[in-house]
Amino acid sequence: MMKQFALTVVAGAALAGCADMTVAPPMTIPDSLKVPDGQVLMMKTQASGFQIYQCKALDAAKYEWTLLAPEATLYDASGNQVGKHYAGPTWETLDGSKVVGEVKAKDAGTDATAIPWLLLAAKSHAGDGIFSSVTYVQRLFTVAGKAPPDGCDGGHVGAELRVAYKAAYYFYAVRPASGI
């Protein structure tokens, strides 16, 4: 039976300041996370939720919090729910379409206490909605979400930890061919 670790890390004050993505933060996206030419931005979302970690033994004397899955709600610029984000990593819109991503590049971002920024390529799709044509996903402007450096030891193997986070997710598709 899986032990539940009774700790949820909440960075309330830091997360509250990241709720409004209607104005793009004055940060530059690193070159390593830029999508290839020929892509067009089709949707920007703000995610709010948790990174779920499990305490695992790396060897007989070393233990570490390992990411199990994200669990977040996706919102548009007006604060309306447009989908969810979960294990895979998978993003699913309310129309039922899904995209599963594969990490292609990472960047530490601008906040050492936050999970890294990512560039992911689509590796599979489901459904016929908006995410059926997604080719790339960027995770940017992250706030919190990192597992703590302690609390995972021999007495907590199998325990789960939910760490609050926020991030912006940008979804791209191949630019449609010109009909001219």
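Mentor: Two residues are in contact here when they have heavy atoms within 4.5 Å. Please keep in mind that this is a predicted model.

Trainee: Thanks! Which residues does Trp 91 touch, not counting residues up to four places away in sequence?

Mentor: With neighbours up to four places away in sequence left out, the contacts of Trp 91 include Leu 74, Leu 120, Phe 131 and Val 137. Trp 91 also touches Lys 84, His 85, Ser 97, Lys 98, Val 99 and Gly 101.

Trainee: Which residues touch the most other members of the largest nonpolar core?

Mentor: In soluble globular proteins, nonpolar side chains tend to be buried together. In this model the largest nonpolar core has 24 residues, and those touching the most other members are Trp 91, Tyr 169 and Phe 171.

Trainee: And which element gives the most residues to this core?

Mentor: Elements that give two or more residues to the core are β2 (39–57), β3 (63–75), β7 (117–126), β8 (134–144) and β9 (160–174). With 6 residues, the element that gives the most is β9.

Trainee: Is Cys 152 buried or exposed?

Mentor: The cut-off for buried is under 20% relative accessible area. Cys 152 has a value of 12%, so Cys 152 is buried.

Trainee: On to the largest pocket: which element gives the most to its lining?

Mentor: The volume of the largest pocket is about 360 Å³. At least two lining residues come from each of β2, β3, β6 (98–107) and β7. The element that gives the most to the lining, with 4 residues, is β3.

Trainee: How many residues of the lining of the largest pocket are nonpolar?

Mentor: The pocket is lined by 19 residues, with Gln 51, Leu 67, Lys 106, Leu 118 and Arg 139 closest to its centre. Sorted by class, the lining has 2 polar residues and 3 charged ones, while the number of nonpolar residues is 14.

Trainee: What is the relative accessibility of Gln 51?

Mentor: Gln 51 belongs to strand β2. Its contacts beyond four places in sequence include Leu 67, Arg 139, Leu 161 and Tyr 165. Gln 51 counts as buried, because its relative accessibility is 2%.

Trainee: How far apart in space are Ala 164 and Phe 50, C-alpha to C-alpha?

Mentor: Ala 164 is part of strand β9 and is buried, with a relative accessible area of 7%. Ala 164 and Phe 50 are 114 residues apart in sequence, yet their C-alpha separation is 4.4 Å.

Trainee: Last one! Is Thr 28 buried or exposed?

Mentor: Thr 28 is in the loop between α1 (12–16) and β2. Exposed requires a relative accessible area over 50%. Thr 28 has 65%, so Thr 28 is exposed.

Notes:
Residues numbered from 1 in each chain as written. Predicted model: local features only at pLDDT ≥ 70, side-chain atom pairs only at ≥ 80, totals over all residues. Heavy atoms only, no water. Core = buried A, V, L, I, M, F, W, Y, C linked by side-chain atoms within 4.5 Å. Buried < 20%, exposed > 50% of the residue type's maximum accessible area, 1.4 Å probe, protein only. 1 Å grid on protein atoms, 1.4 Å probe; cavity = no way out; pocket = protein on both sides within 12 Å on 5 of 7 lines; lining within 4 Å. Points joined across faces, edges and corners; volume = space filled by probe spheres on them. Nonpolar A, V, L, I, M, F, W, Y, C, P; charged D, E, K, R; others polar.
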